[in-house]
Each structure stands twice: as structure tokens, then as C-alpha cells.
Amino acid sequence: MTNVAVHLEAQQPSLHAHVHDVPASGATHAKGQQHPIKLYLVVWGWLFVLSACSYLVDYFHFQGYLRWSLILLFMVLKAGLIVAVFMHMAWERLALSYAILLPPVLVLVFVAIMVFESDYTHLIRVSFFAPAT
Amino acid sequence: MAETVLTNPGESPAQTAGLRGIADDWSSDQRAFKNVSWGKAMMWIFLLSDTFIFSCFLLSYMTARMSTTVPWPNPSEVFALEIAGHHIPLILIAIMTFVLISSSGTMAMAVNFGYRRDRVKTAVLMLVTAALGATFVGMQAFEWTKLIMEGVRPWENPWGAAQFGSSFFMITGFHGTHVTFGVIFLIAIARKVWRGDFDVERRGFFTSRKGHYEIVEIMGLYWHFVDLVWVFIFAFFYLW
């Protein structure tokens with residue numbers, strides 16, 4: 001997620017050009033997020049393509065590491081597009097982006113802890129609670 | 001004091017690039033988020049807390065699935081449907097995904113037309129978003145009914161590990177509740193847009209603060225978040 005946001009941040013000069021072409025009528029609130037409709041339609045299209053791809057992963061019965069890496073790849077790309085463009089994170093100041101995007105990344109530490117924990121639980125279950133044969 | 005009740009922040013100071021800029025903003029007096037109104041900042045912080053809630057659900061699901069010695073039911077088969085005599089795996093979930101992504105697209109465009117002060121297009125797009133959201137909840141109700149009829153319970157199911165049912169009902173139930181509340185708020189705000197509340201800055205009956213089109217963007221943040229959570233649920237629960 002963070003990577004995509006930062007990547008888009010790098011292109012900011014070109015994207016920033018849209019922020020200021022606000023219709024003159026909106027003088028009082030001209031500061032809001034303004035981007036061309038086409039940008040949203042392109043992102044929308046990509047989200048459809050990526051969703052179709054992740055469905056096809058299941059449809060073609062990919063298994064093992066290929067399946068898991070493809071699922072994660074499409075998931076991260078979709079999440080990145082939604083956060084960066086639809087939620088306008090690509091155009092926010094870094095102080096906000098980092099405050100919001102960094103803490104969820106730290107959840108990965110929790111994931112690691114629970115992976116060890118569940119491996120241990122599984123081991124205990126196999127050793128002591130396996131059905132008698 | 002006047003500074004603290006501003007809804008739309010005034011001119012924000014120039015931004016320094018990179019980490020130095022973050023340190024400048026956070027160590028500056030009074031406000032860390034320079035060009036973001038309190039409403040938008042609070043929605044982001046709420047969404048951050050909600051992220052942790054859904055993270056905990058998905059983590060407990062991961063822990064249950066990794067630590068069980070009984071095989072996990074194959075979601076591809078559990079959520080398959082017979083359509084016109086064809087057995088299609090996971091098709092209902094795929095359709096639900098496309099419906100929710102479409103609703104995110106219409107919401108993004110509603111936000112855009114809101115800032116252009118096109119009140120009719122904004123309201124219509126928001127109502128389309130709400131309709132797609134309601135469709136999603138309806139399909140989820142169908143899915144729950146089908147699974148319950150097949151004997152899935154939080155404590156047992158016919159196909160394998162007992163934790164499948166509790167994880168499924170907990171995660172999709174909580175997400176469905178989020179979608180339902182989103183639909184209710186979408187309709188409430190679409191009504192305000194339609195009535196022109198944000199053009200005349202009419203005060204809200206509860207907060208008595210002036211209405212602005214920014215509320216459409218804040219509503220949009222919540223809606224996109226619901227879509228975002230579904231991306232993760234789709235990947236981890238249905239595809240994995």
C-alpha cells in the first residue's frame with residue numbers, strides 16, 4: 001500500500017496540475033480534491049481487470065506458492081489503487097499518509113507472532129490429541 | 001479559539017519534501033495535518049482503527065486455519081453455484097466483488113461532481129452507489145441463507161474444520177454490517193445534496209455546523225474503505 005502511494009507521490013507534478021483547474025463557480029470551496037473523471041474511469045477499469053485476474057487464479061486451479069503469490073499481488077495492487085486514487089491518498093501531505101499507512105504495516109509483526117503461535121498449537125495438537133490409530 | 005472550529009483550513013504552509021516535511025508538520029504548533037479538515041482527519045483515524053479490527057478478525061481466522069488438524073473446507077467448492085446446469089466455482093463471490101468495485105467507482109465520481117457543485121449528478125451517483133451496496137448486502141443474505149440451509153453453523157459444518165463457520169459468519173457479518181451502515185449514510189447524505197444543503201451551507205440539525213461538499217468526500221472515504229476491506233476478505237478468506 002505504502003509503496004504505491006509513495007510511487008504516485010513521485011509523479012505529483014503532473015497529477016498536481018489538475019488540482020487547480022476548478023470551475024470558477026466553485027470559488028468558495030475550490031480547495032477540494034479535483035481530478036479529471038477519466039482518471040477514475042481508468043482506475044475503475046484496472047480494478048475490474050485485477051478482480052477478474054484474481055478470480056481466474058481460482059478458476060484455473062493454480063496451487064501452492066504460485067496461487068498465494070498471485071493472490072497477494074492482485075490484492076496489493078487493488079488495495080493500492082483504491083487508497084491512492086479513490087481515497088486521494090496520493091495527493092495528501094506525507095504527514096497524513098505516513099500517519100495512516102504506516103501503522104497497518106506494523107500489523108505484519110502481529111501476523112508473524114501468530115504464525116509461530118499457530119504452528120506451535122498445531123504441533124501440540126498433532127502430538128497429544130491425534131486420534132488413536 | 002476561532003482556529004479550532006474552522007471546517008475548511010485556510011492557506012496551508014508550503015510543504016518540505018520527504019521525511020523532513022513529516023517532521024516539520026508533526027512538530028509544528030497545534031496542527032499536524034496542515035491542509036486537511038478535522039472531519040477528514042477524524043474519518044481517516046476512524047478508518048485506521050477499523051483496519052485494526054478487521055486485521056484482528058483476519059488474524060484470528062489465519063490462526064484457526066493454521067492450527068487446526070482437520071482439513072479446511074475448500075471455499076472454491078463451498079461457494080460454487082449451479083447456473084443453467086453449469087457448475088461454476090466461487091461465482092457468487094466474484095459477482096459480489098464486481099458489484100462492490102462498481103459502487104466504489106460511482107462513489108469516486110460522486111465526490112468529483114460534488115466538488116464541481118453539480119448537485120443532481122452527485123445525488124444520483126450516490127444513490128446508485130447505495131443501490132449497488134444494497135445489492136451486495138442482498139447477495140450476502142442469499143449466501144448466508146444457502147450456507148445455513150446446507151448445515152453451516154458457527155460450531156460445525158459438513159465439510160471439515162469447525163472453525164470455518166465461526167470465521168465466516170464473523171468476518172462477512174461484520175463487513176456486511178459496515179456496508180449496511182454505509183448504505184444508510186449514503187442515502188442520508190444524498191438527500192442533503194439533492195436538497196441543496198451544501199450550496200446554501202445549511203446547518204446540520206444535530207451538529208449545527210455549516211454543510212460543505214467535503215462531507216461527500218468523507219462519506220466516500222468510508223465507502224472506499226468498505227470496498228478495501230472486501231479486497232482483503234476476498235483474497236484471504238475466499239481465494240486462499
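**Ground rules**

I number residues from 1 along each chain as its sequence is written, and chains are lettered from A in the order in which they are written. Because the model is predicted, local features need pLDDT of at least 70 and side-chain atom pairs count only at pLDDT 80 or more, while totals for chains, interfaces and linings use all residues.

**Chain A, overall**

I began with the secondary structure. Chain A has five helices and zero strands. Its pattern along the sequence reads α-α-α-α-α. Helices here are DSSP runs of H or I with at least four residues, strands are E runs of at least two, and both are numbered from the N terminus.

Next I looked up burial. A residue is buried if 20 or more other C-beta atoms lie within 10 Å of its own, exposed if 12 or fewer, and partly exposed in between, with C-beta atoms placed from the backbone. Buried residues make up 24% of the 133 residues in chain A.

Then I turned to contacts, meaning two residues whose C-beta atoms, placed from the backbone, lie within 7 Å. Of the contacts in chain A with a separation of 6 or more, 67% join residues 24 or more positions apart.

**Helix H3 of chain A**

I checked the length of H3(A), residues 37-59. Its 23 residues should span 33 Å at 1.5 Å a residue, and the end C-alpha atoms are 33 Å apart, so the two agree. The expected span is 1.5 Å times one less than the number of residues.

The buried residues of H3(A) are A:Tyr40, A:Trp44, A:Leu47, A:Ser54, A:Tyr55 and A:Asp58. What covers them? The cover includes H4 (64-86) of chain A, and from chain B it includes H3 (75-78), H4 (91-115) and H7 (214-239). After H3(A) comes A:His61, with a positive phi near 55°.

I also looked at A:Gly64, in helix H4 of chain A. A:Gly64 counts as exposed because it has 7 C-beta neighbours inside 10 Å.

**Where the chains touch**

The contact takes 49 residues from chain A and 49 residues from chain B. On the side of chain A, H3, H4 and H5 (94-128) each give two or more residues. H5(A) gives the most, with 19 residues. I sorted this side by type: 29 nonpolar, twelve polar and eight charged. Ala, Val, Leu, Ile, Met, Phe, Trp, Tyr, Cys and Pro count as nonpolar, Asp, Glu, Lys and Arg as charged, and the others, Gly among them, as polar.

**The largest nonpolar core**

A nonpolar core is a set of buried Ala, Val, Leu, Ile, Met, Phe, Trp, Tyr and Cys residues joined through C-beta atoms within 7 Å. The largest one has 82 residues, and B:Phe234 is one of those that touch the most other members. Both chains supply this core, with H3, H4 and H5 of chain A among the elements that give at least two residues. H7(B) gives the most, with 19 residues. Not counting residues up to four places away in sequence, B:Phe234 touches B:Ile93, B:Thr97 and B:Leu239.

**B:Phe33**

Where is B:Phe33? I found B:Phe33 in the loop between H1 (18-27) and H2 of chain B. B:Phe33 is buried, because 21 other C-beta atoms lie within 10 Å. Leaving out residues up to four places away in sequence, B:Phe33 touches A:Ala95, A:Leu96 and B:Ala41.
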